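Please keep the viewer open as you read.

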Amino acid sequence: MKIKEFFKSIFFVDPASSYDFTLGDDSFNKSDIKAEETEKSFESAGEEKKVFPSIDVNLEYVQVKYNTMINSDIVVREFLVTARNKQYRAFLLFIDGMVDTDLINNYVLKPLMLKNQANSFEGNQNHVISEAVTNNITVRKVKKFDIVEYIMTNLFPQNDVKQKSDFSDIFAGVNSGNCALFIDTLNIAFDIDVKGFKQRSIDTPNNEVVIRGPQEAFVEAIRTNTSLIRRIVHSENLIIENISIGKISKTNCAVCYISNIANNDLVAEVKYRLNNLGVDSLLSSGQLEQLIEETNKYSVPQILATERPDKATKYLFEGRVIVLVNGNPYCLIMPATLIDFVSSPEDTNLKFQFANFLKGLRLIALFITLLLPGMYIAITNFHQELIPTELLFSLIASRENVPFPIIFEILTMEISFELIREAGLRVPSPLGSTIGIVGALVLGQAAVSASIVSPILIIIVAITGIASFAIPDFAFGFHIRLYRFLFILFGYVAGFLGIGIGGFVYLCILCNLKSFGVPYLVPFAPVTNSNGGNGYYISPIWKREKRPDFLNTKRDNSQKHISMEWRYRKE
Amino acid sequence: MSSDTKIGSVESIFLILTVMINHIILNLPKNILETTGSASLLNIIFITLVALGIVYLLCKLFKRFPGLDIIDVSHFLGGKPLKYIIGILFILYFLITSSIFLRSFCESIKLIFFQRTPVFFLLVLFVIGIVYVNKLGNNSFIRANTLIMPIVLISIILIFIFNLQNFTLERMFPVFGKGIPTTFFSGISNLFAFAGIAFLYFLPPSLTQPNQYRTVAFTSVILSGIWLLFSVATLLYIFPSVVTTDESLPLYFASRYIEFGRFFQRLDAIFLLIWIISITSYLSIMMSFSIHIFRKITEFKYVYIIIYGFAIALLVLSLLPQNMSQIYFLEYPVYKYYSLFIVFIVGFTILILANLKHRKLKKGDAIIE
């Protein structure tokens with residue numbers, strides 16, 4: 001069967017049948033979504049339970065669901081609620097460690113349990129709303145006593161209390177750090193926000209360091225992260241929608257976009273993909289990235305990840321969508337193009353001349369990382385005439401005592417370099433620099449002295465390594481480092497011919513990629529309007545008038561034609 | 001071009017330009033110089049004007065068939081039999097042209113860099129690349145071509161500029177070369193240089209903006225003419241005509257003359273690297289057009305199997321010539337006259353007859369849907 005499928009995939013693939021989302025087109029079929037939703041509702045129909053009026057049944061149900069006998073951090077606190085001098089049986093359900101116990105004690109248990117002015121007040125049972133007298137007959141409009149409303153309005157000095165009737169909603173709240181209050185005779189429960197788990201405070205970014213720019217990074221708590229974004233955006237049009245992913249983990253994810261800028265199709269597509277993930281658990285944004293990308297075949301990242309709120313909001317203002325994953329200090333930005341992976345958050349803070357100079361350097365770094373070792377092997381094996389004669393002599397002289405072929409030499413050194421990098425990352429940080437010095441300097445020097453490798457090769461590998469660090473995005477840098485080995489192979493097999501054909505195939509792969517319907521190489525391939533500062537190089541700040549053309553945003557312009565009005569304002 | 005592939009104007013211009021530019025890299029300027037000698041520049045200006053006239057006619061003839069390509073038009077004219085005949089003629093044209101081109105280029109680079117490597121190995125490398133990118137889909141290599149072509153165009157201009165010091169301007173004399181009749185009458189056969197016009201027959205259904213068809217056609221022909229002029233001028237002013245006729249890849253040999261001081265004396269490999277990328281792109285496009293026509297006439301939906309089939313055909317056809325003289329014969333006279341026949345005779349005849357039929361049927365200017 002597998003062999004049959006393998007041959008089928010080689011010979012009989014109908015490209016029309018592959019999933020292809022294009023931004024701006026109504027390409028995905030809404031009836032499909034409906035069908036999926038119906039299927040989902042069928043799946044979960046058996047599990048949806050409403051709160052019972054009997055407290056004993058509720059208690060038993062909760063205890064069974066949460067396995068309270070063996071679950072040590074699930075707390076069920078039974079007590080009596082005092083309301084209008086009457087007492088009702090009740091219990092609180094929460095997870096120890098996820099709630100603020102002071103909040104529970106002072107603002108939930110105290111007002112409900114202890115006698116106070118609010119819960120001991122005995123007024124009329126029925127509250128007269130209005131009264132009218134006609135022909136000596138008094139007509140009164142009476143509102144009957146409602147304990148739910150009474151508790152909500154009088155007994156909870158809490159800012160966020162919700163009434164829930166489905167157990168699934170109640171459990172979702174409890175799992176995220178709320179507490180649930182069940183009261184006898186009521187067929188609803190109160191979902192009270194008392195979150196208070198320990199979390200890392202906002203810190204400086206570790207992996208996306210900038211010199212002139214904000215020095216705060218996302219943390220693991222999703223609410224903190226959304227607040228970091230809100231603090232920058234300041235707009236009621238910023239929408240933060242919650243979606244939970246993972247049938248078991250029910251990881252909270254927040255889809256953020258600015259509703260009057262972002263393309264509706266794009267937002268719908270992001271939500272469509274997030275809502276249609278059949279995974280049990282979601283632990284990180286890295287996992288999510290792989291789950292919602294168009295293709296994972298070529299290792300090219302198609303979604304941008306950042307730990308910087310300023311970078312995330314910059315893209316939000318452009319009309320992109322960002323996704324935050326609870327428990328992960330990275331947010332995902334979509335769609336992303338090649339230019340985004342070669343851009344640094346520093347570019348926004350610098351004068352355009354400096355930023356463009358750095359962008360030029362990064363482009364060179366990109367080519368060096370990808371091609372230099374392959375080019376070296378191609379030139380030394382096939383195209384020696386390209387090397388100036390004097391340099392060729394010294395190169396041959398330096399290789400005279402080396403017994404290995406160049407391919408072996410270069411692969412050994414490149415793999416050693418990757419080993420040093422990996423070891424440097426994994427060892428405790430005080431040892432990291434030692435590994436670098438020992439690995440790079442001592443081993444390199446020793447390898448040259450022992451005539452295992454030539455000095456020129458050390459230079460090539462070192463330059464390649466340094467250049468790879470200049471690529472701002474970690475995932476893209478990793479991809480380039482990986483493909484560098486392919487180009488080494490191409491260069492070894494057929495020199496510039498191999499690199500040329502391989503390079504063209506690689507370019508075609510990049511051209512073929514899409515990120516949420518946006519071609520990866522826009523605005524160059526396909527050619528789109530890159531005016532208004534949306535090309536590779538950035539224009540002066542006052543010229544960046546347009547949002548990227550390929551995003552088909554609701555607002556094309558991001559600033560006025562003359563943004564520096566002060567300069568041209570007439571008295 | 002699968003029917004779902006839509007191409008922008010810039011992509012289309014580079015698509016047409018790629019045919020001319022890659023033949024310039026191979027041997028086109030040399031072939032033109034052989035025919036018209038020192039009058040080649042005049043001849044190029046002349047044939048560019050003729051090509052513009054032809055393109056003008058082409059746009060006129062296609063006016064009544066918006067969104068249709070030559071296969072649809074031939075179907076309208078003569079039903080399925082004619083559709084098959086025209087389809088097969090164009091498939092053969094694209095396939096044979098590219099296989100001759102591939103073999104010729106591989107023989108040239110074998111001579112330059114890979115003397116001890118069998119040509120089969122070089123051919124297979126190209127074919128693997130072509131198959132892979134065709135499997136990725138048309139959009140991928142059409143976009144990649146758009147990225148590559150500007151670099152290739154710049155490379156040709158650079159060869160011209162950096163060789164200015166090596167130019168002997170007297171070589172343009174006598175201005176009329178082998179005489180006015182050769183320059184302007186028999187020299188008109190050099191029109192085969194504009195064989196990229198063949199793509200214009202298939203573009204109408206694929207353009208994102210069909211109203212840009214005219215602009216695409218004219219711009220591509222004008223740019224082709226300009227670059228042909230540059231390349232022929234480079235060769236004409238550097239080499240005596242005797243040497244020109246001996247060399248394969250003449251532009252490559254022109255690049256060998258470039259040097260900057262004592263340090264950079266041989267930059268030709270860099271140019272060849274750029275051209276290898278360009279040629280892979282050209283061959284991929286040619287195969288894609290063949291596959292598109294094949295799918296259109298057979299309505300076969302599994303594209304991979306066609307790609308493999310055409311790749312094998314390309315490889316086998318390119319292995320057929322026994323020696324360099326056969327390759328040269330196929331590359332110059334055969335390619336030249338086959339191009340002229342298919343692009344300028346067959347295509348035009350079909351369009352003219354279809355227009356006549358249309359007029360007869362509709363008795364007016366209505367368009368065919």
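## Where the two chains meet

Chain B brings 36 residues to the contact and chain A brings 32 residues; two residues are in contact if their C-beta atoms, placed from the backbone, lie within 7 Å. On the side of chain B that touches chain A, the elements giving two or more residues are helix H1 (9-26), helix H5 (119-136), helix H6 (138-162), helix H12 (268-298) and helix H13 (303-319) of chain B. Helices (H or I, at least four residues) and strands (E, at least two) are DSSP runs, numbered from the N terminus. That side of chain B holds 23 nonpolar, nine polar and four charged residues. Here Ala, Val, Leu, Ile, Met, Phe, Trp, Tyr, Cys and Pro count as nonpolar, Asp, Glu, Lys and Arg as charged, and the others, Gly among them, as polar.

This is a predicted model: local features need pLDDT of at least 70, side-chain atom pairs count only at pLDDT 80 or more, and totals for chains, interfaces and linings use all residues. Residues are numbered from 1 along each chain as its sequence is written, while chains are lettered from A and ligands numbered from 1 in the order in which they are written.

## Chain B as a whole

What makes up the secondary structure of chain B? It comes to 14 helices and zero strands. The radius of gyration of chain B is 20 Å, close to the 21 Å that the globule rule gives for 369 residues, so chain B is as compact as a globular protein of that length. The radius is taken over C-alpha atoms, and the rule is 2.2 Å times the number of residues to the power 0.38.

Along the principal axes, the C-alpha atoms of chain B fill a box of roughly 70 × 45 × 35 Å. Of the 369 residues in chain B, 52% count as buried. A residue is buried if 20 or more other C-beta atoms lie within 10 Å of its own, exposed if 12 or fewer, and partly exposed in between, with C-beta atoms placed from the backbone. Among contacts in chain B with a separation of 6 or more, 84% link residues 24 or more positions apart.

B:Phe184 is partly exposed because 17 other C-beta atoms lie within 10 Å. From B:Phe184 to B:Leu340 is 156 residues in sequence and 16 Å in space, C-alpha to C-alpha.

## A five-stranded sheet in chain A

Over in chain A, five strands form an open antiparallel sheet in the order E8-E9-E11-E12-E10; two strands pair if DSSP finds at least two bridges between them. Strand E8 (238-245) and strand E10 (304-306) of chain A are the edge strands, each pairing on one side only. From one strand to the next, the twist averages 25°. Helix H11 (residues 309-318) of chain A lies across strand E9 (251-258), E10, strand E11 (321-325) and E12 of chain A, at about 50° to E9(A). Axes are lines fitted to C-alpha atoms, for helices over the stretch in contact, and angles run from 0 to 180 degrees between N-to-C directions.

E10(A) and strand E12 (residues 331-334) of chain A run antiparallel and are joined by three bridges. A:Thr306 has A:Cys331 as its bridge partner in E12(A), and A:Ala305 stands opposite A:Leu332. E11(A) and E12(A) also pair in the antiparallel sense, over four bridges, with A:Val321 partnered by A:Met334. Five residues lie between the strands in the hairpin of E11(A) and E12(A), where A:Gly327 takes a positive phi near 90°.

Which residues of E12(A) are buried on each side? A:Cys331 and A:Ile333 are buried on one side, and A:Leu332 and A:Met334 on the other. In a regular strand the side chains alternate between the two faces of the sheet.

## Domains of chain A

Chain A is assigned domain 1 (2-45), domain 2 (55-192), domain 3 (222-348) and domain 4 (354-519); the bounds come from an automatic or database domain assignment. The centres of domain 3 and domain 4 of chain A, taken over C-alpha atoms, are 33 Å apart. Between these domains, 23 residues of domain 3 of chain A contact 21 residues of domain 4 of chain A. Helix H9 (264-275), E10 and helix H12 (338-342) of chain A each supply at least two residues of the domain 3 side.
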